[in-house]
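Take a moment with the sequence and the 3D view first.

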Amino acid sequence: MTALTDEVLADEIRQLSDQAAQGRILYVTSEIEDYVKTGGLGEVSAALPRTLLKLCDIRVLLPGYREVLARHPAMEILAHLPAAAGLPACSIGRVQAPDGLILYIVRCDELYTRDGTPYQDSEGRDWQDNDIRFARLSLAAAEIGGGLSGLEWTPNFVHLNDWPSALTSGYLNWRGINIPTMLTIHNLAYQGLFDYQRLRTLDIPQEAFQVEGVEFYGRLSFLKAGIFYASHITTVSSTYAEEITSPEFGCGLDGLLRKRAQEGRLSGILNGIDESWEPKQRAGKPLRVGDWASKRRTASRVRQSFGLAVSEGPLFAIVSRLVHQKGVDLVLEAADRLVEQGGQLVVTGRGEPQFEAALKELATRHPKHVGVKIGFQQHEATRMFAGSDFLLMPSRFEPCGLSQMYAQRFGSLPIAHKTGGLADTIEDGQTGFLFAGPTLPSFFEAIKRGLDTFASSRRLNKMRRQAMTRSFSWQQSALRYQEIYNMEGCG
């Protein structure tokens with residue numbers, strides 16, 4: 001999508017704001033960075049609704065996790081929703097963020113006030129009752145959408161996100177509630193699959209368990225329900241929207257997604273990044289375009305933090321979940337050669353135990369050139385973006401990706417597989433390096449291009465300038481979402 005000028009952008013916002021004066025959007029999510037996040041969904045759920053506040057009356061619905069209740073012990077309770085089949089009763093609370101964003105909280109302590117992540121226990125095992133937990137969230141969203149909750153505020157559009165809230169569009173359909181819905185797919189690989197015998201427990205009609213419904217190879221799929229019943233489907237980049245209609249990336253749902261694309265009901269809208277990640281506001285002293293001495297000082301602090309040797313060579317970084325999708329195995333294969341070429345590598349993230357162990361072993365083999373910290377701290381990640389010369393993202397698939405955008409804002413050039421949002425946000429040879437096919441030879445060829453660029457300070461600094469001056473504004477994304485809200489009859 002071509003970047004809009006500030007003047008054109010402001011004019012579009014004014015026009016859409018007038019059109020959507022009556023737009024009331026319920027944004028349903030399983031995580032939000034204000035309280036809890038496991039990945040990009042939490043960041044998007046915090047940023048996109050806040051940007052949309054300028055265009056419509058949008059409110060967020062999320063589960064009442066322990067972290068939410070700890071921050072709001074005296075939460076106002078607005079409504080009580082009855083039990084349904086095997087789904088327990090719940091309450092709807094209301095809190096308001098300092099910036100005015102209103103959040104509705106699904107209060108059901110037996111389901112949500114637990115240690116661990118929104119999806120797993122502290123040992124990394126999926127909660128056994130995840131189907132009930134997120135069916136309860138979805139049903140609450142449907143009841144609010146249908147005006148059945150008793151709330152004074154009723155939406156005229158429901159925006160769903162990934163499998164944990166995707167069942168909402170099904171509940172609305174099965175109850176005959178006519179309200180448009182959008183499902184945003186942040187990662188098609190996570191589908192919310194459960195035993196079909198759970199239909200009655202989840203209050204899903206038996207007749208919905210068919211190909212033209214929620215059935216997916218003999219199992220119940222929350223995500224397929226969302227894709228099948230929602231008015232419109234979006235994904236988080238244009239390239240990923242095309243990729244998921246193919247067998248290679250469609251995870252078994254490519255046929256249905258191709259049909260939605262042919263019907264004009266599948267769109268790709270690129271994510272933005274939170275403006276609080278701007279270099280002038282984070283990473284200690286301001287990092288300005290052209291202030292390469294400051295970048296070198298930050299690199300020295302990163303090396304010191306990871307216990308690496310002083311070096312004038314390139315510093316590579318990985319800020320990622322450590323899973324197969326992210327191509328961690330390719331990094332492990334390339335790392336020895338990268339070190340031989342004079343590079344150093346710093347890694348932060350958490351993921352699959354075998355990759356965590358392999359990265360630790362790599363750091364043991366190269367203690368002065370490879371540093372690994374298992375876990376994630378935002379200030380550490382920010383400093384890595386600001387200090388590194390290159391960010392490695394050899395993902396096998398990447399619906400959107402945010403790290404490559406943050407990296408470019410800090411003058412760190414991404415080296416990434418040409419897929420999904422990576423292809424849409426990195427200009428090969430100008431703001432980073434793209435390679436075709438997730439193989440070691442193609443990956444290391446891109447690394448070699450980076451090393452050659454590092455050897456030419458003129459070329460390196462030109463690319464840094466181009467990367468740092470790119471815009472990844474949430475405003476442009478919000479305009480596209482608002483256009484779909486209007487197209488589907490919101491307001």
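This is a predicted model: local features need pLDDT of at least 70, side-chain atom pairs count only at pLDDT 80 or more; totals for chains, interfaces and linings use all residues.

Residues are numbered from 1 along each chain as its sequence is written, and side-chain values use heavy atoms, leaving out hydrogens and water.

**The annotated span**
- UniProt, in an unreviewed entry, lists residues 311–456 as "domain: Glycosyl transferase family"; such annotations may be inferred rather than shown by experiment.
- Residues 311–456 are 44% helix and 19% strand, where helices (H or I, at least four residues) and strands (E, at least two) are DSSP runs numbered from the N terminus.

**Helix 11 and helix 16**
- The axes of helix 11 (residues 328–340) and helix 16 (residues 440–454) cross at roughly 45° and come within 10 Å; axes are lines fitted to C-alpha atoms over the stretch in contact, and angles run from 0 to 180 degrees between N-to-C directions.
- The two helices are therefore oblique to each other, as angles under 35 degrees count as roughly parallel, over 145 as roughly antiparallel, 65 to 115 as roughly perpendicular and the rest as oblique.
- In contact (heavy atoms within 4.5 Å), residues of helix 11 including Leu330 and Val331 meet Leu440, Phe443, Phe444 and Ile447 of helix 16.

**Helix 10 and helix 13**
- Helix 10 (residues 292–305) packs against helix 13 (residues 378–387) at about 130°, with axes 8 Å apart.
- That angle makes helix 10 oblique to helix 13.
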